[in-house]
Amino acid sequence: MAVVVALGAFLMTLFGGWVAQRVTDRRHLVLGLAGGLMLGVVGLDLLPEALEAAGEKVFGVPEALLLFVGGFLFAHVVERLLAVRQAAHGVGAHERVPQVGLTAAAAMVLHSLMDGIALGAAFQVGGGMGATVALAVITHDFADGFNTYTITSLYGNARRKAVGMLVADAVAPILGAASTLLFTLPEELLGSYLGFFGGALLYLAAAEILPEAHHEHPARSTLLCTVAGVGFIWLVVGVSGG
């Protein structure tokens with residue numbers, strides 16, 4: 001059953017990426033929406049789950065929050081190192097580094113794989129739990145597909161690579177759900193990963209996606225798209241019961 005539900009996540013992910021491709025003439029609105037979706041996923045979905053699974057304190061601070069900050073700093077350091085490397089090869093300081101987009105998209109694929117694992121584990125607990133997790137996974141996989149395609153193409157990667165990462169992101173939940181037939185992921189390890197990934201995702205949203213969205217079109221409509229993205233994730237979390 002988990003694998004069958006994961007097929008729904010596969011289709012929803014592809015649909016999200018398709019929407020991101022079709023609205024290229026309103027790029028600032030796409031980026032504004034993507035920034036809002038990413039912010040909502042981090043603040044309303046990933047971080048609460050991470051704190052619940054890995055909330056044990058390390059020197060007064062929950063482990064998940066330490067990893068959240070670590071993920072933010074890791075993304076910043078990686079981007080700076082890649083930018084310095086590109087500059088050494090004559091690339092302008094303000095030009096996008098394609099490797100950053102591919103790395104971020106790869107993290108999205110890993111996140112989708114974890115979604116599939118969570119889906120399989122939930123169905124092992126019971127049908128009711130599985131249905132709740134399935135609703136959350138399928139619905140927010142639209143945002144995953146949208147963000148994966150957007151962030152890959154934003155950094156100057158060819159459309160072929162962006163579509164390739166989108167397909168990988170769509171297949172990942174199916175592989176994750178199927179893998180639960182073989183093993184079970186420890187809850188604390190999953191929470192630690194979610195905290196780290198959430199920090200990296202927040203950096204990309206706050207430092208890259210949203211500034212780019214408002215760079216050439218500081219319009220009110222862009223801001224409304226960002227708010228709508230956060231609201232959509234809030235609705236998903238609320239409907240799925242958190």
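**View 1. Helix α7 bends by about 35 degrees at Ala 205.** The bend is the angle between axes fitted to the seven residues ending there and the seven starting there. Helices here are DSSP runs (H or I, at least four residues), numbered from the N terminus. Why do the ends of α7 lie 41 Å apart? At 1.5 Å a residue, its 29 residues (187-215) should span 42 Å, so the distance between the end C-alpha atoms agrees; the expected span is 1.5 Å times one less than the number of residues.

A word on what you are looking at: this is a predicted model, in which local features need pLDDT of at least 70 and side-chain atom pairs count only at pLDDT 80 or more, while totals for chains, interfaces and linings use all residues. Residues are numbered from 1 along each chain as its sequence is written, and side-chain values use heavy atoms, leaving out hydrogens and water.

**View 2. Phe 15 and Trp 18 form a stacked aromatic pair.** A search of the whole structure finds three aromatic pairs. Rings of Phe, Tyr and Trp (its six-membered ring) pair if their centres lie within 6.5 Å; planes under 30 degrees apart count as stacked, over 60 as edge-to-face and the rest as tilted. In this pair the centres are 6.1 Å apart, with 20 degrees between the planes. Both residues sit in helix α1 (residues 2-22), three residues apart, which means about one helical turn separates them. Are they buried or exposed? Buried means under 20% relative accessible area, exposed over 50%, and partly exposed in between (1.4 Å probe, protein chains only). Phe 15 is partly exposed at 40%, and Trp 18 is partly exposed at 46%.

View 3. Phe 72 lies in helix α3 (residues 63-88) and Tyr 203 in α7, so the pair ties together parts that are 131 residues apart in sequence. Phe 72 is partly exposed at 29%, whereas Tyr 203 is buried at 5%.

**View 4. The largest nonpolar core holds 42 residues.** Such a core is a set of buried Ala, Val, Leu, Ile, Met, Phe, Trp, Tyr and Cys residues joined through side-chain atoms within 4.5 Å. Among the members touching the most others are Met 38, Phe 146 and Leu 201. The largest share, eleven residues, comes from α7. Phe 146 touches residues including Gly 16, Val 30 and Leu 37, not counting residues up to four places away in sequence; contact means heavy atoms within 4.5 Å.

Key:
Helices (H or I, at least four residues) and strands (E, at least two) are DSSP runs, numbered from the N terminus.
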